[in-house]
Amino acid sequence: MSRKNTQALNSIRMLCRMQQVDEKVLYERSKLILSIYRDVCWSTVGRAYDVREDLICYCGSNLDSALIYLETFAPDEARERFEERIRSLFETKWLIDLVDSTMLRVRDYPFKGDLYCEILSKCYLTRFKYRESELLELLDMERSSFYDRKKEAIMLFGLSLWGSSLPKLKNYLIDMKGECDEWYCS
């Protein structure tokens with residue numbers, strides 16, 4: 001097999017055909033999600049810190065007291081603003097959890113899953129952003145092989161995300177809605 005036509009790439013392409021997924025679209029969307037991950041995490045930490053500081057400032061350092069104040073005594077607009085900020089943090093946490101569960105799925109891939117996981121982690125998920133030369137040294141890879149494996153890793157990430165992680169989340173949300181409807185209607 002040639003450098004660009006590996007067993008893993010052939011398997012990924014076969015999976016794309018089986019799931020009727022356009023390879024180019026899969027690659028671009030997966031790369032987009034991975035490329036924003038580091039910034040999303042950074043932003044989330046800042047927003048969570050701001051919410052915590054606001055609670056301490058307005059309601060004291062005891063979280064239980066702060067939540068009781070917000071629920072019982074705070075003006076409606078303050079409570080709604082707080083609820084929106086918390087909802088936004090939880091939605092972001094879902095994105096982070098989706099990426100985490102997808103990475104576990106990538107790691108389980110039978111052809112170089114550990115390598116793909118390490119490439120994605122070092123390229124997109126770690127706090128520190130490595131330069132190309134550092135990545136090549138850390139992974140002990142030639143430049144051309146690195147870019148071939150990186151493309152395979154991104155495509156595998158996309159297949160794992162849209163083929164496994166998102167359907168699981170969708171089913172979970174449907175189940176939760178059903179439970180809430182049953183509880184609410186009872």
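Student: OK, where is Lys112 placed?
Tutor: Lys112 is in the loop between α4 (76–107) and α5 (113–125). Helices here are DSSP runs of H or I with at least four residues, strands are E runs of at least two, and both are numbered from the N terminus.

Student: Before we go on, what kind of model is this?
Tutor: This is a predicted model, where local features need pLDDT of at least 70 and side-chain atom pairs count only at pLDDT 80 or more, while totals for chains, interfaces and linings use all residues. Residues are numbered from 1 along each chain as its sequence is written, and side-chain values use heavy atoms, with hydrogens and water left out.

Student: Back to Lys112, what's its phi?
Tutor: Phi of Lys112 is near 65°, a positive value in a residue other than glycine. Lys112 is also partly exposed, at 43% relative accessible area. Buried means under 20%, exposed over 50%, and partly exposed in between, using a 1.4 Å probe and protein chains only.

Student: And what about the phi of Asp140?
Tutor: Asp140 isn't a glycine either, and its phi is positive, about 55°. Asp140 sits in the loop between α6 (132–139) and α7 (143–185).

Student: Is Asp140 buried or exposed?
Tutor: Asp140 counts as exposed because its relative accessibility is 71%.

Student: Zooming out, how many helices and strands does the protein chain have?
Tutor: You'll find seven helices and zero strands. Of the 186 residues in the chain, 33% count as buried.

Student: Which residues have the most contacts inside the largest nonpolar core?
Tutor: Those are Leu120, Phe146 and Phe157, in a core of 34 residues. A nonpolar core is a set of buried Ala, Val, Leu, Ile, Met, Phe, Trp, Tyr and Cys residues joined through side-chain atoms within 4.5 Å.

Student: Which element gives the most to this core?
Tutor: That's α7, with eight residues.

Student: What does Leu120 touch?
Tutor: Leaving out residues up to four places away in sequence, Leu120 touches Leu34, Met103, Val106, Leu125, Ala153, Ile154 and Phe157. A contact means heavy atoms within 4.5 Å.

Student: New topic: how many aromatic pairs are there?
Tutor: The structure holds four. One of them is Tyr109 with Phe111, whose ring centres are 5.7 Å apart with planes at 65°, so this pair is edge-to-face. Rings of Phe, Tyr and Trp (its six-membered ring) pair if their centres lie within 6.5 Å; planes under 30 degrees apart are stacked, over 60 edge-to-face, and the rest tilted.

Student: Are those two buried or exposed?
Tutor: Tyr109 is buried, at 12% relative accessible area, whereas Phe111 is partly exposed, at 28%. Ring pairs also link Tyr109, Phe111 and Tyr116 into a cluster.

Student: What lies over the face of Tyr27?
Tutor: Lys151 does, at 5.9 Å from the ring centre. A charge sits over a ring if NZ of Lys or CZ of Arg is within 6 Å of the ring centre and within 35 degrees of the ring normal.

Student: Last one: where is Gly163 found?
Tutor: Gly163 is in helix α7, and it touches Gln19 and Gly158, not counting residues up to four places away in sequence.
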